[in-house]
Amino acid sequence: SELVETMVAKGQYVVKKLTDGPILVVEEHFSLPDDADQLKSPPHFPVPLSRITVKEISLIWTMYGGNDFPLPEPTHSIPGTPRSDRSHSESGTRERNASQGKENTGRNKAEQMEFQLTKTRLRFEQYPESAQQMFRLCLILTDVEIRDKMASSNFNKFLYQHSTEDNPRPSRTPMVCVKVVHNRT
């Protein structure tokens, strides 16, 4: 048999020879893909003294406009205002705030952003004093999305991994992979 290239041009199959000689098949030339742990340290690294691993966690963090905490009331006296009138009006405000409970925040739910981290994995390793490496950090984010939930916005997603039928997302490929090693000097 011969090595050939098959192409489709305008609905027609075109065959192009790439070699004149026979095809040589080498058994097990390519190794089988393994489910290698992407968090695993390289084989030449020493055994760590301590290791912290987050296997897989997904997080959604929602941020709102406004203020969740009440603003501090002014402590200085207002010129020309009797002290008894001011304290009466402040105590009435405090009673209304306490009766409203958690709904009395300055949070504006119409202004909202979401950060979503899907299948987040993390490993931190600390190495012995005798090793050149001090510590190693590996952070893998399978998918990251920043979504705009404001009604007035024309955008829905600020950051995401775009994929189409023609350009599908590669399987098992993280969107973000950060590996940091701190060496001793």
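**Exercise 1. Find which residues are linked with Glu114 in a network of salt bridges.**

Solution. Let's take this step by step, keeping in mind that the model is predicted.

- Step 1: The network links Glu114 with Glu145, Arg147 and Lys157.
- Step 2: Look at one pair, Lys157 and Glu145. Their closest N and O atoms are 3.3 Å apart. A salt bridge needs a side-chain nitrogen of Lys or Arg within 4 Å of a carboxyl oxygen of Asp or Glu, and Lys157 and Glu145 do form one.

**Exercise 2. Decide whether Lys157 and Glu145 are buried or partly exposed.**

Solution. You need the cut-offs here: under 20% relative accessible area is buried, over 50% is exposed, and anything in between is partly exposed.

- Step 1: Lys157 has 31% relative accessibility, so Lys157 counts as partly exposed.
- Step 2: Glu145 has 14%, so Glu145 counts as buried.

**Exercise 3. Work out which residues form salt bridges with Glu125, and describe their surroundings.**

- Step 1: Glu125 bridges to Arg51, with the closest N and O atoms 3.0 Å apart. This pair links distant parts of the chain: Glu125 sits in strand 4 (residues 106-126) and Arg51 in strand 3 (residues 50-67), 74 residues apart.
- Step 2: Glu125 also bridges to Arg136, where the closest N and O atoms are 3.7 Å apart. Here strand 4 is linked to strand 5 (residues 133-148), and the two residues are eleven apart.
- Step 3: Now check accessibility. Glu125 has a relative accessible area of 0%, so Glu125 is buried. Arg136, at 3%, is buried as well. Arg51 has 46% relative accessibility and therefore counts as partly exposed.

**Exercise 4. Explain why Leu159 counts as partly exposed, and name the surface patch to which Leu159 belongs.**

- Step 1: Leu159 lies in strand 6, which covers residues 157-159.
- Step 2: Its relative accessible area is 37%, so Leu159 is partly exposed. A patch residue needs over 30% relative accessible area and no salt bridge.
- Step 3: Together with Phe155 and Phe158, Leu159 forms a nonpolar patch on the surface. The accessible area of these residues together is about 310 Å².

Note on methods:
Residues numbered from 1 in each chain as written. Predicted model: local features only at pLDDT ≥ 70, side-chain atom pairs only at ≥ 80, totals over all residues. Heavy atoms only, no water. Patch = residues over 30% accessible without salt bridge, like charges linked within 9 Å, V, L, I, M, F, W, Y side chains within 5 Å. Areas by Shrake-Rupley, 256 points an atom, 1.4 Å probe, with all protein chains shown as cover. Helix = DSSP H or I, 4+ residues; strand = E, 2+ residues; numbered from the N terminus. Buried < 20%, exposed > 50% of the residue type's maximum accessible area, 1.4 Å probe, protein only.
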